[in-house]
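Please look at the sequence and the model together as I go.

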Amino acid sequence: MLTGEDFSARGPAAAIDCLRALQKERGYISDETLAEAAAILQMPVAVLDEVATFYNLIFREPVGKNVILLCDSAVCWMLGREALQSRIFERLGIAPGETTADGQYTLLPVVCLGACDRAPVLLVGETLHGHLDAAGVNKLLDGAA
Amino acid sequence: MQLVLTKNIDGGGKRVDFAAYARSGGYEAVRKVVGKLAPADVVQVVADSGLAGCGGGGFPTGRKWQAMPSRAARPGPRYFIVNADEMEPGTFKDRYLMEGDPHQLLEGIVLAAYAVEADEAYIFVRGEYFQAIAALEAAIAEAQAAGVLGGLTIHVHAGVGRYICGEETALLNSLEGKRAIPRAKPPLPQVSGLFGCPTIVNNVETVCNVPHIVRHGAEWFRGLGVGDEAGTKIFGVSGRVNRPGVYELPMGTSLRVLIEEFAGGMRDGFQLRAVLPGGASTGFLGVEKLDTPMSVAGMAAAGSRLGTGNVMVLDDKTCPVGFIRNLQHFFAQESCGWCAPCRDGLPWVDQILAAMETGQGRQSDLAVLADMPGRMGPGKTFCGLAPGAMASLETGLKMFAQDFTRHVQERVCAWA
C-alpha cells in the first residue's frame, strides 16, 4: 500500500504526485500499480495511463536500480556526450532505453539538465556528475560498483 | 559591479540558510510591507520598476499582475505559481538561484502572493533538480519555523519531465494532474488559471527580484540597467569558452563583454562562429552582432531575442548543421502533439537534418527546410514551442547556407 500522503482526498488532481510516489517505492509503474493508483484517485485507468505515458520521467516499464540520465542537449552534444554514451555501452552493454541484464543500470537520454557550465553531464540516481569524459565514466562506474 | 540576486551565493553549491539570509537583510521587505502597505501599492512598485519576465518572454511583470482581478471582484481561491521548470536547452540560471539562495525566492513569493492577494503558492520545479528541491524544502521549513510566511502555504511540486510544462498554461494543466497541453488564451491565467481560479505564473529569477525592488524602490531598480531596461540579469555562457558559468550583470551589458571579459573568451584553438543569445528558442547572431546589448529591445533589434539570457556559443570546430539538428530533435521530441503543424512538422525537420548529417540529404531538402518557418512560425501553432524551434532553423539556414549546401552536395558531414 502507498505510504504517506492521502492522494484520494485530492482526486485526479493528485495523479502526477501519486504516480511519482508509487514509482519511488516500486521503481516503475506496472499495469497493476497503474490500476491501484486509478482506484486511489477515483479515475478511469485509461485516463490515468494517458497522463502516465505523457511524461518522460514516469516509467511504464521496469528500470534498473540505478537510472542514468544522460543529457542529450546541444551544449553537452558539442562537448562530447557521444563519447560518454559509447563508453557506457562498452562498459555496460546498454544503449539509450536499455537496462543491464543484472538489473543494475538503465540508460536514458534526458533534456538539458541545466548544468551547461559543467557539460557534458549526467545524473546517476539523484547525483549530478559534470565535466565528464570517457575516463570519468570509468571512474564513476568503478566507484559505484 | 553591483550584485543583487547572487550576492549571497558563493557558487560552491552551498545553500544560504535562514540565519545567513536574514543577516543580509533578508525578509526585511516582508516585515516592511505585509499588513502595512496595500497590495495594490506593492503591484504599483513592481510595475514602476520596469521588471520584465526573466523566463524567456520578457513581459512586464507589473502589467501581468495588474491583469489579476481584485479579491473584491473575484472572491474565492487565488494562486501564485513559480515556474521553475527550467528545461530550455542552454539555460542554468534558475538552478543556481534555487540551490544557492532559496530564501530569496521564498521572500519573493511571500511578497508577490501578498500583492496579488493569493493564499496558496506553488513552486513547479523540474523533477531532475534534486538539489534545488531539497534546498527549497529545507528553506520552507526554516521560514515556517521563523514565522515569515504568514498564512501562506507554499507547495513544492516536482515535475516529471516535459519541456512544454514551462509554457504557463501547460504548467497549469500539469499541476492539475493532467497532460501538459497548452490552453487557449483568452481567458488569461490571471482570470481563469489553476482550477479555474485567478492565477499568476512567474519565472524564478523574476520572483527573486521582487524583495529587492520592494526594499530599495523602483527607481533604484531601474538604475541598475545600463540602457533603457531595468535591473541586473542572470546571464549564462556555455560552450567552448574559458569560463563557462553564471554571471549577474547589468541588463543591457553587451554580448562581447559577457563572453570576452566574463566568460574569458574562446578556448585556445577555437573561434566564435555564432551564438544563441537566450536558449534554444532564440535565433543565431553572428560575430558582427557581438556589440549588441543583452536586453529585450537590443536583441530584438539585432534579429534575435533575449530569451533566458543564457548564451550558447557555437565554435568553428562544431558542425552547425549537427548543432541545429540537435536543437530540432529536442523540439520534435518535446512537442506535446496537440496541434498538427508542430506535431508533424518538427519530426519532419528532424528527419531531414538527420539525413543530411549522414550524407543522405538531397538538394530539394533545402527548399523544404526553408519553407518550414512560414508554416510553424508565430501565429501558426497553438503555443510558442514550434515558433521557438523555427528561430534557430530560420536564422541558421541563412547564416550557415554554405555548410548546408556542402552537406547535400558532397553527401557527407565534413565534421564527422
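Predicted model: local features only at pLDDT ≥ 70, side-chain atom pairs only at ≥ 80, totals over all residues.

B:Asp403 lies in helix 17 of chain B, where helices (H or I, at least four residues) and strands (E, at least two) are DSSP runs, numbered from the N terminus. With a relative accessible area of 10%, B:Asp403 is buried; buried means under 20% relative accessible area, exposed over 50%, and partly exposed in between, with a 1.4 Å probe and protein chains only. The side chain of B:Asp403 makes a polar contact, at 2.7 Å, with the side chain of B:Arg273. By a polar contact I mean a pair of N or O atoms within 3.5 Å, where within protein one must be able to donate a hydrogen and the other to accept it, and where residues adjacent in sequence count only if both atoms are side-chain atoms. Leaving aside neighbours within four places in sequence, B:Asp403 is in contact, that is, with heavy atoms within 4.5 Å, with B:Arg273, B:Pro320, B:Val321 and B:Trp415.

Residues are numbered from 1 along each chain as its sequence is written, chains are lettered from A and ligands numbered from 1 in the order in which they are written, and side-chain values use heavy atoms, with hydrogens and water left out.

Let me turn to helix 16 of chain B. Which elements do its buried residues pack against? They pack against strand 7 (272–276), helix 13 (320–334), helix 14 (340–357), helix 15 (363–376) and helix 17 (401–409) of chain B. The buried residues of helix 16 include B:Leu385, B:Met390, B:Leu393 and B:Leu397. The 15 residues of this helix (385–399) should span 21 Å at 1.5 Å a residue, and the end C-alpha atoms are 22 Å apart, which agrees; the expected span is 1.5 Å times one less than the number of residues.

Now to the two chains together. Chain A and chain B bury about 3300 Å² between them, 62% of it on carbon and sulfur atoms, buried area being the accessible area (1.4 Å probe) that two parts lose on being put together, summed over both. On the side of chain A that touches chain B, the elements that give two or more residues are helix 1 (15–26), helix 3 (45–52) and helix 4 (74–78) of chain A. The contact takes 35 residues from chain A and 49 residues from chain B, with 17 residue pairs in polar contact between the chains, both at pLDDT 80 or more.

Finally, some backbone details. Most residues other than glycine have a negative phi, and most peptide bonds are trans. A cis peptide bond, with omega about -5 degrees, joins A:Ala119 and A:Pro120, and A:Pro120 lies in the loop between strand 2 (105–110) and strand 3 (122–124) of chain A. In chain B, the peptide bond from B:Lys185 to B:Pro186 is cis, with omega near -5 degrees. A:Gln42 has a positive phi of about 55 degrees although it is not a glycine, and at 60% relative accessibility A:Gln42 counts as exposed.
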